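Biologist: Could you take me through the labels on this model and the values behind them?

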Amino acid sequence: MNQTIKSTTAVALALGILCGPAWADMEAAKEFLDAEIGDMSALTRAEQEAEMQWFIDAAEPFKGMAIKVVSETITTHEYESQVLAPAFEAITGIKVTHDLIGEGDVVEKLQTQMQSGENIYDAYVNDSDLIGTHWRYQQVRNLTDFMANEGADVTNPGLDLDDFIGLQFTTAPDGKLYQLPDQQFANLYWFRNDWFTDPEIMAEFKEKYGYDLGVPVNWSAYEDIAEFFTGREIDGVEVYGSMDYGKKDPSLGWRYTDAWMSMAGMGDKGEPNGLPVDEWGIRVNENSQPVGACMARGGAANSPAAVYAVEKAVEWLNKYSPPSAMGMTFSEAGPVPGQGNIAQQMFMYTTFVAPLVDSPAVMNEDGTPKWRLAPSPHGVYWEEGMKVGYQDVGSWTLMKSTPEDRAKAAWLYAQFVTSKTVDVKKSHVGLTFIRESSIQHESFTDRAPKLGGLVEFYRSPDRVRWSPTGTNVPDYPKLAQLWWQNIGDAMSGAKTAQEALDSLCSDMERVMERLERAGIQGDLGPVMNEEKDAAEWLAMEGAPKPAIEMEREEPQTVAYDDLVASWQ
């Protein structure tokens, strides 16, 4: 069932917005609560109405204003744009145009507004990966001060920041909150549980490899499983043992900056991010100032572990994924496992669970999934205490270049779409949890068996070990574009992994050197180390790490049920 589309028309009709002007009163709010929310809320009906009344009152000075906000195109934001924005207008009288564009385009618009000072959008949902950028440039309103001062009259007393599960990712080292989470999703390991538990398949795997088929703990086991399933015919379908994407496109960069290198074991220990060397291979000093990305300056972006990470990804893409995967982007590749011919995927962004549950090819007739989600395996350089995976935290961000009245109106909308009134329903549509109260809601206890481990993961203490890009990255827009361009050369075979990563780290250092010379980030900006022989850094403890002679370790798997039991 496509809940997004069903809801859109129902709410629009109920609120009368398809056939007449909007009105801002409690009657509109009640219509919305009846048509869309019902008991899908962490609040009682009386509490919902009280929260809606607060929005009506707080929005009174801005009634009739038209604002523009933007986010990337995923199910959660489609729901906000198609359902919640019209409802907000009907309830408050503030018209919201909620644009949906590619994530790379969101970053580009944000960068343009930062550089020009022109108010392109009144609010952005942009990834918390930019927290280091926002903290250093100080071009966004820090929400801690905003809520206490000029934004106090438009800050919901029921916002309940403690209920948000991702605030540690949107808080800078200065202790200030710079962004408000709107949607959150991890990358996890995905596999066809029906195949993995088939007695004949299990016996054949055990006979061939000498250990049990199960959730791979390390990359060696993932590789064996990929080899085992690739080319096999199951239920009349030719199966591939892995799925990924490789098109030279901005989304190829995310594939690697989104913790692939740390999963391989490139960086240092530390949660939520490795210190002093993070998952981008960028080293910082004791004052959080970036000092280098190449091994010659103590970075790790061209280290043996980074080379291993890229080489494995390219090898698996070529050997075990559908031929078309090499020409796919993030958004094109995400739904492919739902077609029913993929055995496992190392790197499944859980935002794609929403389309998966709509795919009959991977769902049983009773609505339960044929697949499961589990933690991704780690590479041979990985050590206990290191980051284990990535979590995307798309978050509301208010630029200082946005006029105060428009920022206030946009802040009201941001709070509306993340409010306790609507968040349980929004979470059911997009499956991108941001609130503890939604995760623990009884409706998700009921739905959990149909979501393949997603609810169990988000209710587990393990979830905090998945984290976004941290504060080592001084300018996300400038540095992120270097990744897809250089990694793309390795993907296409134009360069070896080592050559591509040597180029990448040098390019990153040139940007950081320019930032240092310009001094525009003050005491928070880069202070580059002097170059020295990489061997000196490799001889020290931590990242960059010297090459491991045998990069294939003993394969290890775990039974899925045992894994889930460990989360309880």
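Predicted model: local features only at pLDDT ≥ 70, side-chain atom pairs only at ≥ 80, totals over all residues.

Biologist: What makes Cys 294 and Cys 505 a disulfide?

Modeller: Their sulfur atoms are 2.0 Å apart, and a pair of cysteine sulfur atoms within 2.5 Å is a disulfide. The structure holds 1 disulfide.

Biologist: Why is the disulfide of Cys 294 and Cys 505 called right-handed?

Modeller: The torsion about its S-S bond is about 100°, so the disulfide is right-handed.

Biologist: Which parts of the chain does the pair link?

Modeller: Distant ones: Cys 294 is in the loop between strand E9 (290–292) and helix H13 (304–320), and Cys 505 is in helix H22 (residues 497–518), 211 residues apart. Both Cys 294 and Cys 505 are buried.

Biologist: How do you know that H13 is largely enclosed by the rest of the structure?

Modeller: Of the 17 residues of H13, 13 are buried, so the helix is largely enclosed. As for its span, H13 reaches 23 Å from its first C-alpha to its last, close to the 24 Å expected at 1.5 Å a residue.

Biologist: Let's turn to the rings. What makes Phe 191 and Phe 196 an aromatic pair that is tilted?

Modeller: The structure holds 39 aromatic pairs, and Phe 191 with Phe 196 is one of them, at 4.9 Å centre to centre and 50° between the planes. Centres within 6.5 Å make a pair, and planes under 30 degrees apart would be stacked, over 60 edge-to-face, and the rest tilted. With 50° between the planes, Phe 191 and Phe 196 are therefore tilted.

Biologist: Why do Phe 191 and Phe 196 count as buried?

Modeller: Buried means under 20% relative accessible area. Phe 191 has 2% relative accessibility, so it counts as buried, and Phe 196 has 3%, so it does too.

Biologist: Why is the pair of Phe 330 and Phe 352 tilted?

Modeller: The ring centres are 5.1 Å apart and the planes are at 55°, so this pair is tilted. Phe 330 lies in helix H14 (residues 330–333) and Phe 352 in the loop between strand E10 (344–349) and helix H15 (353–356), so the pair ties together parts 22 residues apart in sequence. Phe 330 is buried at 9% relative accessibility, and Phe 352 is buried at 10%.

Biologist: How do you know that Arg 192 lies over the face of Trp 195?

Modeller: Arg 192 is at 4.0 Å from the ring centre of Trp 195, and the distance cut-off is 6 Å, with an angle within 35 degrees of the ring normal. Likewise, the charged end of Arg 255 sits over the ring of Trp 260, 4.0 Å from its centre.

Key
Residues numbered from 1 in each chain as written. Heavy atoms only, no water. Helix = DSSP H or I, 4+ residues; strand = E, 2+ residues; numbered from the N terminus. Buried < 20%, exposed > 50% of the residue type's maximum accessible area, 1.4 Å probe, protein only. Expected span 1.5 Å × (residues − 1). Phe/Tyr/Trp six-rings, centres within 6.5 Å; stacked < 30°, edge-to-face > 60°.
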